[in-house]
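I opened the model to look up a few local points and wrote down each one as I went. The entries follow in the order in which I made them.

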Amino acid sequence: MTTPSTRTDMVIRTYGPGKVPPMLDVLADIWADAHPELVDNPGGETTGLSVPALHRQITGHLKHSGFALVVAYAGGTPVGFGYAFPCSADYWFGTTLVDQVPAGARTERLMGLCELAVRPPWQSQGIGSQLHAELLKTIAPKWSSLLALPSNRRGQDLYSRLGYEYAGPYRNTADGPEFDLLLLQVEETA
């Protein structure tokens, strides 16, 4: 078992939407390193799981009020990132799932966690957890939700450790891949 990083040169910075466009290629590079199984998949572009799709996704999400990007730097080099924004239950869950999630997730402040990626040499050192914590601190939701591929074991394990629970299957499009919709009721901090 790898112990959490005790590195003193790890810094996490938070960025608003205006700072993101010049960073898109760096974010895509981190994402590609973290997800080689998706990058090498010839059908990735059509399923929305590719570097160009990530560029479009992030660019589209920049318009959401409260958008926040967090980037982890080790020795000045970006090694991980995550981004999220506050959103409505109707937007995030869609009409087919909104009635299946707990009432609080429909009515209280909800954070849509869109991406969380860490380069492989830096995985299992607590960086993903730190990025997640910084997004929760920045957005201050009562609930957080994300979509994870069932085959993404490392991600599924992290989300389980963070307290996320399975809420149902989800597809962005009728012919797209099936994701696990995961939910977290955020605990009050003292």
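**Entry 1: H132.** I looked up the contacts of H132, leaving out residues up to four places away in sequence, and found that H132 touches L113, L116, L162, Y164 and L184, where contact means heavy atoms within 4.5 Å. H132 is found in helix α7; helices (H or I, at least four residues) and strands (E, at least two) are DSSP runs, numbered from the N terminus. H132 counts as buried because its relative accessibility is 3%; buried means under 20% relative accessible area, exposed over 50% and partly exposed in between, with a 1.4 Å probe and protein chains only.

**Entry 2: ground rules.** I note that this is a predicted model, in which local features need pLDDT of at least 70 and side-chain atom pairs count only at pLDDT 80 or more, while totals for chains, interfaces and linings use all residues. Residues are numbered from 1 along each chain as its sequence is written, and side-chain values use heavy atoms, with hydrogens and water left out.

**Entry 3: helix α8.** I then asked which residues of α8 are buried. In this helix, which runs over residues 153–162, they are G155, Q156, L158 and Y159. Seen down the axis of α8, the buried residues fall within an arc of 165°, so they line one face of the helix; the arc is that of the directions from the helix axis to the C-beta atoms. S160 and R161, on the other side of α8, are exposed. The cover over the buried residues of α8 includes β4 (110–118), α7 (127–139), β5 (143–148) and β7 (178–185). After α8 comes G163, and I noted that its phi is positive, near 105°.

**Entry 4: strands β6 and β7.** I followed β6 (residues 165–171) and found that it pairs with β7 in the antiparallel sense over six bridges; two strands pair if DSSP finds at least two bridges between them. One of the bridge partners I looked up is that of Y166, which is L182 in β7. β6 and β7 form a hairpin, with six residues between them.
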